[in-house]
Every structure is written in C-alpha cells, then in structure tokens.
Amino acid sequence: MYIHLGGEKIIRSSELIAIFDVSIEKSSKLSKQFVANAHKVKNVEAIGEEEAKSIVVTKGKVFYSPISSSTLKKRANVYMRIEEA
C-alpha cells in the first residue's frame with residue numbers, strides 16, 4: 001500500500017520508519033543532529049511550497065511534509081490495518 005505525503009509525493013507503506021511533528025527538530029538535540037546529517041548527505045526532500053508540519057523518515061530518505069503528523073499517522077495506520085487483514 002501507499003501513503004500520500006502531500007503534493008504529488010507518495011511512498012510505499014513498507015518504506016515508512018517514523019513520522020514526527022516538525023517541532024521535534026527544534027526541541028530535541030538528537031533529532032536536530034539526525035536531520036542535519038540527512039541534509040549533509042542530501043537525503044532530504046521538502047514536499048511542496050507550503051510550510052512543513054511533519055518529518056517523515058523512510059528507509060531511503062527524509063521528507064518534510066505539509067500534512068500534519070497526526071493526519072499522516074492516521075493514514076499510515078489505515079494502510080497498516082489493511083495490510084494485516
């Protein structure tokens with residue numbers, strides 16, 4: 001199954017590792033280092049022109065999504081339930 005991250009970006013649900021609120025980048029030193037390292041290796045993609053509301057970590061890339069982390073988590077849970085059935 002797939003998860004729509006905003007704009008024209010979709011990912012395979014099997015690629016998903018984590019979904020965070022974008023505020024975690026500023027509140028956690030470890031998260032800040034993780035994202036800085038991802039930027040360093042050019043493994044980050046901002047989706048669309050809107051302000052990012054969430055950070056989505058996949059097996060191959062980190063995405064800044066304009067969709068809230070709670071909405072993305074709901075979408076991911078729906079897809080995970082479908083896959084389990």
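The legends below describe several close-up views of one predicted model.

Residues are numbered from 1 along each chain as its sequence is written. Because the model is predicted, local features need pLDDT of at least 70 and side-chain atom pairs count only at pLDDT 80 or more, while totals for chains, interfaces and linings use all residues; side-chain values use heavy atoms, with hydrogens and water left out.

**View 1**
Four strands form an open sheet in the order S3-S5-S6-S4, and their pairing is mixed. At the edges are S3 and S4 (44–46), each of which pairs on one side only, and the twist from one strand to the next averages 20°. Two strands are said to pair if DSSP finds at least two bridges between them. Strands of a sheet pair through backbone hydrogen bonds, in either a parallel or an antiparallel sense.

**View 1. Strand S5 and its partners.**
Strand S3 (residues 16–21) runs antiparallel to S5 and is joined to it by five bridges, with Ala 18 standing opposite Val 57. S5 also pairs with strand S6 (residues 62–65), again in the antiparallel sense and over four bridges, and a hairpin of three residues links S5 to S6. Ser 54 has Ser 65 as its bridge partner in S6, while Val 57 stands opposite Val 62.

Buried means under 20% relative accessible area, exposed means over 50%, and partly exposed lies in between (1.4 Å probe, protein chains only). Five of the five residues of S5 (residues 54–58) are buried, so this strand is largely enclosed by the rest of the structure. In a regular strand the side chains alternate between the two faces of the sheet. On one side of S5 the buried residues are Ser 54, Val 56 and Thr 58, and on the other they are Ile 55 and Val 57. S6 is likewise covered on both faces, with Val 62 and Tyr 64 buried on one side and Phe 63 and Ser 65 on the other.

**View 2. Thr 58 in its surroundings.**
Thr 58, which belongs to strand S5, counts as buried because its relative accessibility is 9%. Leaving aside residues up to four places away in sequence, Thr 58 touches Ile 11, Glu 15, Ile 17 and Phe 63, where contact means heavy atoms within 4.5 Å. A polar atom of the Thr 58 side chain lies 2.8 Å from the backbone oxygen of Lys 61.

**View 3. Strand S4 beside S6.**
S4 pairs with S6 in the parallel sense, over three bridges. Within this pairing, Val 44 has Val 62 of S6 as its bridge partner.

**View 4. The two sides of helix H2.**
Helix H2 (residues 29–40) lies across S4, S5 and S6 and runs at about 110° to S6, an angle taken between N-to-C directions on a scale from 0 to 180 degrees, with axes fitted to C-alpha atoms, for helices over the stretch in contact. Ser 31, Val 35 and Ala 38 are the buried residues of H2; they cover an arc of only 55° around the axis, which puts them on the same side of the helix. This arc is that of the directions from the helix axis to the C-beta atoms. The buried residues of H2 pack against helix H1 (24–27), S4, S5 and S6, whereas Lys 29, Leu 30 and Lys 40 are exposed on the other side of H2.

Terms used
A polar contact is a pair of N or O atoms within 3.5 Å; within protein, one must be able to donate a hydrogen and the other to accept it, and residues adjacent in sequence count only if both atoms are side-chain atoms.
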